Structures are given as C-alpha cells and as structure tokens.
Amino acid sequence: MSFELGDKILERLRERFSPSSEEFIALWAREGGDPFRVLVAIIISQNTNEKNSFEAFRRLGSTVGLTPEAILKGGVGAVREAIKPAGLQDSKSAAIVEVARVTLEKYGGDLRRLLDLGEEAVRRELTAVKGIGYKTVDVLLASFGYPVLPVDTHVKRVSRRLGLSGSSSYMGVRRDLERIFRPEVRFEAHLLLIKLGREVCKAREPRCRECPLNNICTYYTARA
Ligand code: SF4
C-alpha cells in the first residue's frame with residue numbers, strides 16, 4: 001500500500017462527491033472556529049444519523065446554549081431534554097456537561113488552549129471523560145488540522161471491502177488508512193469515504209456498478 005494508491009482513490013472520489021457542511025455536523029459546527037462546539041456536535045452525533053444530530057444540536061443551541069458556561073448553567077437535565085432527538089441522551093448529556101466543566105475549569109472556557117497543547121494532550125484529557133472514545137477525539141483533531149483519519153462505520157466497511165484494511169479494530173483500520181492517505185488529506189479522505197459509504201457502498205446492497213472505485217475494489221473484483 002502506498003500514498004499513490006490514496007491519491008488515486010481521492011482523485012476519483014473528488015470527481016464524484018463534494019462533502020458540504022449541511023451534511024456533516026462537525027463541518028457545520030466548525031464554522032465558528034470553536035472546538036468546544038465541534039466536540040459537543042461530535043458527542044451528539046455518536047450512534048445516530050446526521051439529520052437527528054442537526055436537530056439535537058440546534059435544539060441545544062436554542063434552549064441551553066453552546067458555550068461551556070451556558071451548558072453548566074443549564075445543567076444535565078436541560079441538556080438531556082434538548083438532545084433527545086439524537087438518542088442516548090443520558091450518556092451524551094453527562095459527557096457534554098463533563099466536557100464543559102473541564103473546559104471551563106482547566107482551560108478558561110476555551111478548548112483551543114487544549115488543542116494547542118498537541119495531539120497526545122488532547123487524547124489524554126478527553127478520553128478520560130466517560131462517553132468520549134477514540135473516534136470522537138479523532139474527529140475533533142482532524143477537524144482542526146491534525147493528521148489523523150477518523151474511522152466511522154462507513155469508513156470501516158468501505159475500507160474493508162476495498163481491501164485497504166483487513167483489520168476489525170478501530171486502531172487497526174486507522175493505522176492501515178494512515179499508511180495510504182497522506183497526512184494533509186486525511187480529514188478529506190474521511191469525509192469522502194463516508195460519502196461513498198452513505199451513497200454507493202451501502203451496508204446491505206453496495207451499488208458496485210456505479211462505484212468510481214470498482215476496478216480497484218477487492219470485494220467487487222472477487223465477484224465480477
Ligand atoms: S465496488 Fe462495490 S464494494 Fe467496492 S467500494 Fe464500490 S460499492 Fe463498495
């Protein structure tokens with residue numbers, strides 16, 4: 001596997017897809033440049049679709065607010081009620097309130113100060129919060145320019161079908177993909193592979209005939 005393969009994959013995916021902030025909550029939340037908002041959006045989006053995530057995020061913004069101060073003032077009950085459309089509101093609201101507390105108490109209310117400390121510091125601090133795992137931290141890091149490739153359910157399925165990774169673990173797939181995609185394009189690769197998974201390489205019935213990657217896909221060529 002090589003960066004040349006990653007370049008080829010991205011070239012074809014770019015011709016077909018243009019990820020927009022209307023379809024990725026992390027991109028949308030990032031527009032103000034505040035990593036705290038992005039982290040809240042990513043927590044809300046765990047295990048649900050983008051439509052529900054957007055609704056929950058907007059409700060949280062209009063009823064409670066999207067700053068650490070507003071969230072701590074509103075409390076876990078108000079956050080839980082606001083984010084109900086996204087599901088798992090008990091665990092997600094607890095994580096959001098805890099992140100608000102950490103941001104306010106340790107970083108003066110500005111999560112950029114944590115991001116400025118580097119990847120390892122971000123991982124150490126945020127994975128200590130119950131309800132925040134590798135993927136959530138990776139999406140945050142990637143959204144702010146760190147060269148990591150977050151792996152969601154679409155990215156994992158597509159990567160395994162394409163033959164880019166044979167691993168079943170989060171870390172294994174991420175490691176394999178980071179060997180294929182150059183550091184500066186990893187977040188873009190993440191978004192484009194999700195688009196491919198949502199629209200073409202669907203879980204139940206992949207539309208291989210219309211896939212821009214079918215002639216380099218292990219799954220397809222084994223069945224052709
Ligand atoms: S060719 Fe089929 S299995 Fe392979 S990536 Fe495309 S849609 Fe998925």
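How many cavities of 30 Å³ or more does the count come to? By the rule applied here, the count comes to one cavity of 30 Å³ or more, where a cavity is a set of points on a 1 Å grid over the protein atoms alone at which a 1.4 Å probe fits but cannot get out. The model is a predicted one, in which local features need pLDDT of at least 70 and side-chain atom pairs count only at pLDDT 80 or more, while totals for chains, interfaces and linings use all residues. Residues are numbered from 1 along each chain as its sequence is written, and side-chain values use heavy atoms, with hydrogens and water left out.

- The largest cavity has a volume of about 100 Å³, a volume being the space filled by probe spheres set on grid points that are joined across faces, edges and corners.
- Of the 14 residues that line this cavity, the closest to its centre are Leu162, Cys201, Cys208, Cys211 and Cys217; a lining residue has an atom within 4 Å of a point.
- Helices α10 (153-162) and α13 (218-223) each supply at least two residues of the cavity lining, and the largest share, three residues, comes from α10; helices are DSSP runs (H or I, at least four residues) numbered from the N terminus.
- By class, the cavity lining has 11 nonpolar, one polar and two charged residues, where Ala, Val, Leu, Ile, Met, Phe, Trp, Tyr, Cys and Pro count as nonpolar, Asp, Glu, Lys and Arg as charged, and the others, Gly among them, as polar.
- The space taken by the ligand is the largest cavity, and a molecule sits in a cavity if more than half of its atoms lie within 2 Å of the grid points of that cavity.
- Around the ligand are Arg161, Leu162, Val200, Cys201, Pro206, Cys208, Cys211, Asn214, Cys217, Tyr219 and Tyr220, each with a heavy atom within 4 Å of the ligand.
- Helices α10 and α13 each give at least two residues to this shell, which by class holds nine nonpolar, one polar and one charged residues.

**The largest pocket**

- The largest pocket has a volume of about 360 Å³, a pocket being an open set of points with protein on both sides within 12 Å along at least five of seven lines.
- Among the 19 residues that line this pocket, the closest to its centre are Ser45, Glu50, Lys135, Asp152 and Arg198.
- The elements that give two or more residues to the pocket lining are α2 (25-30), α9 (134-143), α10 (153-162) and α12 (186-199), and α12 contributes the largest share, five residues.
- The pocket lining divides into eight nonpolar, seven polar and four charged residues.
- Domain 1 (3-18 + 148-223) and domain 2 (32-143) both give residues to the lining, so the largest pocket lies between them; these domain bounds come from an automatic or database domain assignment.

**Residues within helices**

- Valine 139 has its place in helix α9 and is buried, with a relative accessible area of 7%, where buried means under 20%, exposed over 50% and partly exposed in between (1.4 Å probe, protein chains only).
- Although valine 139 and alanine 26 are 113 residues apart in sequence, they are 7.8 Å apart in space, C-alpha to C-alpha.
- Alanine 189, in helix α12, is buried with a relative accessible area of 0%, and from proline 150 it is 39 residues apart in sequence and 9.3 Å apart in space, C-alpha to C-alpha.

**Residues within loops**

- Asparagine 47 lies in the loop between α3 (35-44) and α4 (50-63), where it is exposed, with a relative accessible area of 70%, and has a positive phi of about 55° although it is not a glycine.
- Leucine 88 lies in the loop between α5 (68-82) and α6 (89-107), and its phi is near 50°, a positive value in a residue other than glycine.
- Alanine 86 is placed in the loop between α5 and α6 and counts as buried at 5% relative accessibility; its C-alpha atom is separated by 7.7 Å from that of glutamate 55, 31 residues apart along the chain.
- Glycine 131, in the loop between α8 (119-127) and α9, is partly exposed, with a relative accessible area of 42%, and is 9.8 Å in space, C-alpha to C-alpha, from glutamate 98, with the two being 33 residues apart in sequence.
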